Amino acid sequence: MKQVSNSQESILVSACLLGVNCRYDGKNAYNKQVAARLRNKNIIFACPEQLGGLTTPRSRNIIVGDRVINENGSDVTDNFIRGAKEFIKIARMFRVKKLILKSRSPACGKRGIVTKLLPKKFKVEYKK
Ligand code: SF4
């Protein structure tokens, strides 16, 4: 997690979109447009799956009903819930109103656990 600059509102961003190698495969999902847009903005970035205690690299995870299951068949829902709660706690700590999240992720995506637990007052933009 990192915060830069001061006065303006902070935006919470999925860390992998900014080039942090926190994805399940140990890689990132760097999005050049997002990074360029956020230059000189107050940004905080974090990875909910890491915040939930999962390792990097880690098994691939998918949402099955209301659970999250990894490719070995283990139920990792508790890790995802813990990480999402920590991520949302960070949003509150820094009075974030807007989040930019990685789409198609079991944590950050539109059907992900962060989105599921995130109060409606937060504005969210999803990026590939
Ligand atoms: S949990 Fe979110 S921040 Fe972490 S790797 Fe997945 S999409 Fe990126």
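What share of the contacts in the protein chain with a separation of 6 or more comes from residues 24 or more positions apart? The figure is 67%. The model shown in these views is predicted.

**View 1. Overall fold of the protein chain.** Four helices and six strands make up the secondary structure of the chain. Read from the N terminus, their order is β-α-β-α-β-β-α-β-α-β. The radius of gyration is 14 Å, close to the 14 Å that the globule rule gives for 128 residues, so the chain is as compact as a globular protein of that length. The C-alpha trace spans about 45 × 30 × 20 Å along its principal axes. Buried residues account for 34% of the 128 in the chain.

**View 2. Helix α3 from end to end.** Helix α3 covers residues 77-93. At 1.5 Å a residue, its 17 residues should span 24 Å. The end C-alpha atoms are 24 Å apart, which agrees with that expectation. Just after α3 comes arginine 95, with a positive phi of about 50 degrees.

View 3. Asn79, Phe80, Gly83, Ala84, Phe87 and Ala91 are the buried residues of α3. They cover an arc of only 125 degrees around the axis, which puts them on the same side of the helix. Asp78, Lys89 and Arg92 lie on the other side of α3 and are exposed. The cover over the buried residues includes strands β1 (10-14), β2 (42-46), β4 (67-70) and β5 (98-102). Helices α2 (48-51) and α4 (113-117) are also part of that cover.

**View 4. Residues around the ligand.** Ser14, Ala15, Cys16, Cys22 and Arg23 are among the residues that surround the ligand. The shell also includes Cys47, Pro48 and Glu49. Lys102, Ser105, Ala107 and Cys108 belong to the shell as well. By residue class, the shell divides into seven nonpolar, two polar and three charged.

**View 5. Valine 34 and its contacts.** Valine 34 sits in helix α1, which covers residues 32-37. Is valine 34 buried or partly exposed? It has 19 C-beta neighbours inside 10 Å, so it counts as partly exposed; a buried residue needs 20 or more. Leaving aside residues up to four places away in sequence, valine 34 touches Leu17, Ile100 and Lys127. From valine 34 to leucine 18, the C-alpha to C-alpha distance is 7.6 Å. These two residues are 16 residues apart in sequence.

Notes: Residues numbered from 1 in each chain as written. Predicted model: local features only at pLDDT ≥ 70, side-chain atom pairs only at ≥ 80, totals over all residues. Helix = DSSP H or I, 4+ residues; strand = E, 2+ residues; numbered from the N terminus. Expected span 1.5 Å × (residues − 1). Buried ≥ 20, exposed ≤ 12 C-beta atoms within 10 Å, placed from the backbone. Arc of directions from axis to C-beta. Contact = placed C-beta atoms within 7 Å. Near = placed C-beta within 6 Å. Nonpolar A, V, L, I, M, F, W, Y, C, P; charged D, E, K, R; others polar. Rg over C-alpha atoms; globule rule 2.2 N^0.38 Å.
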